[in-house]
Amino acid sequence: MKKIVLAAFAAAIAVPAVAAPGDTDTEAGSATATIIAPITLTHTPNAALAFGTIIPDTTAAGSVTVTAAGAGSDDGTATLVAGSVNTADSFDVTGDPSRLFDITTTPGSVTNGTQTMSFTTAPSVGSAIISAGGTSAFTVGGTLSVGAAQAAGDYVGTYDATVTYN
């Protein structure tokens, strides 16, 4: 009888436990998504980074600076004509309310068709927050490099401004 009990006990240990048929469990996970308004940059109509009317030095290069507030100054080599109009450029931003964004601007150049002058740019702020109404604005100043004996004429050109959600 001992052998039968031992054999039954050994058989019970050797057989793995089997789950009851149909025994499963499921739990729901969660997912979220947030959609924000795209950021949009618009150049203010009729705005321009205007360096003004300049008299170049005949022998030395110079520069003219316009601040992001629109104030013009010269380095004493290139000379702004008295009463010259200087203005900062202007941009409008729309996007997701209360969201922070960064502003970058590139250097540019102006040409009269045959000659070119380069300039650097400086936005009024490096980053800003879009208002609760979904808008913001900034200005751009810069420094124009004027060559020695720079040719007379009207010079025009461009540069790029970029806004990026932070």
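The legends below describe close-up views of aromatic rings and of a pocket in a predicted model. Residues are numbered from 1 along each chain as its sequence is written, and side-chain values use heavy atoms, with hydrogens and water left out. Local features need pLDDT of at least 70 and side-chain atom pairs count only at pLDDT 80 or more, whereas totals for chains, interfaces and linings use all residues.

**View 1. The aromatic pair Phe91 and Tyr159**. The whole structure contains four aromatic pairs (ring centres of Phe, Tyr or Trp, the latter by its six-membered ring, within 6.5 Å; planes under 30 degrees apart are stacked, over 60 edge-to-face, the rest tilted). Phe91 and Tyr159 are edge-to-face, because their planes stand at 80° with the centres 6.4 Å apart. Phe91 belongs to strand S6 (residues 89-94) and Tyr159 to the loop between strand S12 (156-158) and strand S13 (161-165), so the pair ties together parts 68 residues apart in sequence. Strands are DSSP runs (E, at least two residues), numbered from the N terminus. Phe91 is buried at 8% relative accessibility, and Tyr159 is buried at 14% (buried is under 20% relative accessible area, exposed over 50%, partly exposed in between, with a 1.4 Å probe and protein chains only).

**View 2. The aromatic pair Phe119 and Tyr159**. This pair is edge-to-face, with 6.0 Å from centre to centre and 85° between the planes. With a relative accessibility of 5%, Phe119 is buried. Ring pairs join Phe51, Phe91, Phe119, Phe138 and Tyr159 into a cluster.

**View 3. Arg99 over the ring of Tyr165**. Arg99 is placed over the face of Tyr165, 5.8 Å from the ring centre. A charge sits over a ring if NZ of Lys or CZ of Arg is within 6 Å of the ring centre and within 35 degrees of the ring normal.

**View 4. The lining of the largest pocket**. A pocket is an open set of points on a 1 Å grid over the protein atoms alone, where a 1.4 Å probe fits, with protein on both sides within 12 Å along at least five of seven lines; lining residues have an atom within 4 Å of a point. Of the 29 lining residues, Phe51, Gly52, Val110, Tyr155 and Val156 lie nearest the centre of the largest pocket. S12 gives the most to this lining, with three residues.

Notes
Helix = DSSP H or I, 4+ residues; strand = E, 2+ residues; numbered from the N terminus.
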